[in-house]
Amino acid sequence: MTQPPKRPLTLRDVSEASGVSEMTVSRVLRNRGDVSQTTRERVLRAAKRLGYVPNKIAGALASQRVNLVGVIIPSLSNMVFPDVMTGISQVLEDTELQPVVGVTDYIPEKEEKVLYEMLSWRPSGVIIAGIEHSDASRAMLEASGIPVVEIMDIDGQPVDCAVGISHRRAGRMMGQAIAEAGFRRIGFMGTKMPLDHRARKRFEGLTGALAKAGIEVADQEFYSGGSALAKGREMTAAMLDRTPDLDFLYYSNDMIAAGGLLYLLDKGIDIPNQIGLAGFNGVELLNGLPRQLATMDACRFEIGRKAAELVSQRLAAPDASIDKVIELFPTLSYGETLRRT
């Protein structure tokens, strides 16, 4: 025989199972009102036994908010963002808030769509990667009436709050280190800049610092798609075939830099005396490479924590004075591929 469809559990079910009124059940589940600890435990045990889940949408009709924080990031495959998400999750797990993730693939139109859907659920806050958005996305964020924290970057004007590093300063730090180490023929490899604003800013910082030392970038190559070892090998081979006298290669991220390092080692090139190289992000997974890669830590985990703390603080005390922009400072690691002066 066909089983009749199960109906959703209601407050009445929990009320009957626990032997208290629906109003008391509601107070317990919303953690509101004066309810004895004994009654509270009885209601929670009954709800857990039944598998009851509150209807948050119904609650939102009264409060106009649900206990969700929209987290909008450009990629799940990029090794940067799992650390960010870990930082966010560790902070929010001690609150009633839950992160919900949307992915944009660095496409402004997709960011608009994801943001529209997220905001339609009336979340309690939004954490979104980057400071550059389309006019439509920025308008939605400004009109949302909730805490908005833009992460990863502070080089720009945030909608509300921002937590991140200055990518221009990071690029300048690397450019200064390269020049001080005596390298003069520099090649750059990275993502296509119109889609990756943070890589563009690092490139601007790099070229500015090199220019002060009288050095120009001798060759450059850009790609689209995921950051991968194979892509790094492929671009490095193409660039050195085209410009064989390069003495330093700077990559916009560690993954393609690792591919370049493996290619150079396969070719028997003396690193860093013949060619030096560096990446960006400080990806721990690459610590097992044959040579420790020069890189910069992008403070990913701490960015996630600080962003979640900001959202939580703003919700707890909307009128409290807070720092609207929190800048973190990356550390340059010379590794074994960049000479120290």
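At what angle do helix H1 (residues 11–18) and helix H2 (residues 22–29) pack? The views below start there. This is a predicted model, in which local features need pLDDT of at least 70, side-chain atom pairs count only at pLDDT 80 or more, and totals for chains, interfaces and linings use all residues. Residues are numbered from 1 along each chain as its sequence is written, and side-chain values use heavy atoms, with hydrogens and water left out.

**View 1. Helices H1 and H2 pack against each other.** The angle is about 105 degrees, and the axes lie 9 Å apart. (Axes are lines fitted to C-alpha atoms, for helices over the stretch in contact, and angles run from 0 to 180 degrees between N-to-C directions. Helices are DSSP runs of H or I with at least four residues, strands are runs of E with at least two, and both are numbered from the N terminus.) That makes H1 roughly perpendicular to H2, a label for angles of 65 to 115 degrees. On the H1 side, Leu11, Arg12, Val14, Ser15 and Ser18 make the contact; on the H2 side, look for Glu22, Val25, Ser26 and Leu29. Contact here means heavy atoms within 4.5 Å. These residues split into four nonpolar, three polar and two charged.

View 2. With 17 residues, H12 reaches 25 Å from its first C-alpha to its last, close to the 24 Å expected at 1.5 Å a residue. (The expected span is 1.5 Å times one less than the number of residues.) Its buried residues are Arg300, Ile303, Gly304, Ala307, Ala308, Leu310, Val311 and Arg314. Buried means under 20% relative accessible area, exposed over 50%, and partly exposed in between, using a 1.4 Å probe and protein chains only. Why the spacing? An α-helix has 3.6 residues a turn, so residues three or four places apart point the same way. Among the elements covering the buried residues of H12 are strand S1 (66–73) and helix H5 (81–92).

**View 3. Lysine 192 sits in a loop.** You'll find this loop between strand S6 (186–191) and helix H9 (197–212). Lysine 192 is partly exposed, at 42% relative accessible area. Setting aside neighbours within four places in sequence, lysine 192 is in contact with Phe222, Tyr223 and Ser224.

**View 4. Leucine 206 is buried in helix H9.** Its relative accessible area is 0%. Beyond neighbours within four places in sequence, the contacts of leucine 206 include Gly171, Phe188 and Tyr250.

Technical notes. Angles under 35 degrees count as roughly parallel, over 145 as roughly antiparallel, 65 to 115 as roughly perpendicular and the rest as oblique. Ala, Val, Leu, Ile, Met, Phe, Trp, Tyr, Cys and Pro count as nonpolar, Asp, Glu, Lys and Arg as charged, and the others, Gly among them, as polar.
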